[in-house]
Amino acid sequence: MDSENSANEESLQSVASEESDLLLQFRKKELLFKILVIGDFGVGKTSIIRRYADGTFSSSYKITIGADFAIKSISWDKNTQINIQLWDIAGHERFGSLTGVYYRYAVAAAIVFDLTRPETFRSVEKWLLDLRRKVHLPGSHPVPVVILANKGDITIATLPNEIVNFCEKYNILAWFITSAKDNVHIDEAMLTLINAAVDNHERLQFPATVDNDVVRLQNDDTQFYQNEKKHCCQR
Ligand SMILES: Nc1nc2c(ncn2[C@@H]2O[C@H](COP(=O)(O)OP(=O)(O)O)[C@@H](O)[C@H]2O)c(=O)[nH]1
Ligand SMILES: [Mg+2]
């Protein structure tokens, strides 16, 4: 009899804890950060996004047309869920061809170059200046940027000496030698950007709306994502 009681009690407790977990899920603050991945054609932008968002690598990605994004959801702390929207430039690698829609509401960016084609490092400055011209955080605070020297699994001998000075000159948060193929430093690079975005979100108070406990940036594309998600959750 006693053992039956204690079994009942245990199962009641487990139901109660499941309920409080559910409640916590429900109350969780949700943040959405749009992060851009830019750089010349073939440097590995799509591969980096795929690696980070789905943990996969393929030596042949179809060339996608238009803007394309992947989503990664992170349980940041017990009260906060962060959804990262990683924007690929998908076929718009020609410098200057990106429109305002692509840049709008971005809170951070990774600029990628290819260690096997050192000339792609020269484009980093152009991408950076275009980005800084078009993305403004509140109070003209500069958008946080990391530089990724990708395909480090093939060679690192070609790493440009100027990279350190370049990062200092342009107030770049950090640079990493990455490999989308071998999954090197991709998580670290993204985490650096997310940390900066979280800090900025708290300090600069991004334009955000609060709706059903969901905090979201005022962004048409974001709206699209939220609707998608609601749709998905109703199923
Ligand atoms: N070895 C190696 N190849 C890579 C890496 N990242 C991308 N690639 C390859 O480089 C090519 C271009 O990559 P992709 O992601 O399509 O470049 P994007 O045009 O910048 O999106 C593809 O064949 C990829 O498989 C990497 O870290 N190491
Ligand atoms: Mg691509």
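Predicted model: local features only at pLDDT ≥ 70, side-chain atom pairs only at ≥ 80, totals over all residues.

Reader: Which residues come nearest to ligand 1?
Author: There are 17 residues around ligand 1. The element that gives the most to this shell is α2, with three residues. The residues that come nearest are Gly44, Lys45, Thr46, Ser47 and Lys181.

Reader: How are α2 and α6 oriented to each other?
Author: The axes of these two helices come within 10 Å and cross at roughly 85°. Angles of 65 to 115 degrees count as roughly perpendicular. The orientation of α2 and α6 is therefore roughly perpendicular.

Reader: Which residues of α6 make the contact with α2?
Author: From α2, the contact uses Ile48, Arg51 and Tyr52. By class, the contact has four nonpolar, no polar and two charged residues. On the α6 side, the residues are Ile186, Asp187 and Met190.

Reader: Which element gives the most to the largest nonpolar core?
Author: This core has 46 residues, and Ile35, Ala109, Ala110 and Ile111 touch the most other members. At least two residues each come from β1 (29-39), α2 (45-54), β3 (80-88), α3 (100-103), β4 (106-114), α4 (119-134), β5 (145-150) and α6 (186-204). The element that gives the most, with eight residues, is β4.

Reader: Which residues does Ala110 touch, leaving out those up to four places away in sequence?
Author: Ala110 is among the core residues that touch the most other members. In general, nonpolar side chains tend to be buried together in soluble globular proteins. Beyond its sequence neighbours, Ala110 touches Ile35, Val37, Val146, Leu148, Ala189 and Leu193.

Reader: What share of the contacts in the protein chain with a separation of 6 or more comes from residues 24 or more positions apart?
Author: For context, the chain has seven helices and eight strands. Buried residues make up 29% of its 235 residues. Among contacts with a separation of 6 or more, the share from residues 24 or more positions apart is 71%.

Reader: Is Asn183 buried, partly exposed or exposed?
Author: Asn183 is found in the loop between β6 (174-177) and α6, and has a positive phi of about 60° although it is not a glycine. Most residues other than glycine have a negative phi. With 15 other C-beta atoms within 10 Å, Asn183 is partly exposed.

Reader: And His185, is that residue buried or exposed?
Author: His185 also sits in the loop between β6 and α6. Its phi is positive too, near 65°. There are 21 C-beta neighbours inside 10 Å, so His185 counts as buried.

Definitions and conventions
Residues numbered from 1 in each chain as written. Chains lettered and ligands numbered in written order. Core = buried A, V, L, I, M, F, W, Y, C linked by C-beta atoms within 7 Å. Buried ≥ 20, exposed ≤ 12 C-beta atoms within 10 Å, placed from the backbone. Helix = DSSP H or I, 4+ residues; strand = E, 2+ residues; numbered from the N terminus. Contact = placed C-beta atoms within 7 Å. Axes fitted to C-alpha atoms, helices over the stretch in contact; angles between N-to-C directions. Parallel < 35°, antiparallel > 145°, perpendicular 65-115°, else oblique. Nonpolar A, V, L, I, M, F, W, Y, C, P; charged D, E, K, R; others polar. Near = placed C-beta within 6 Å.
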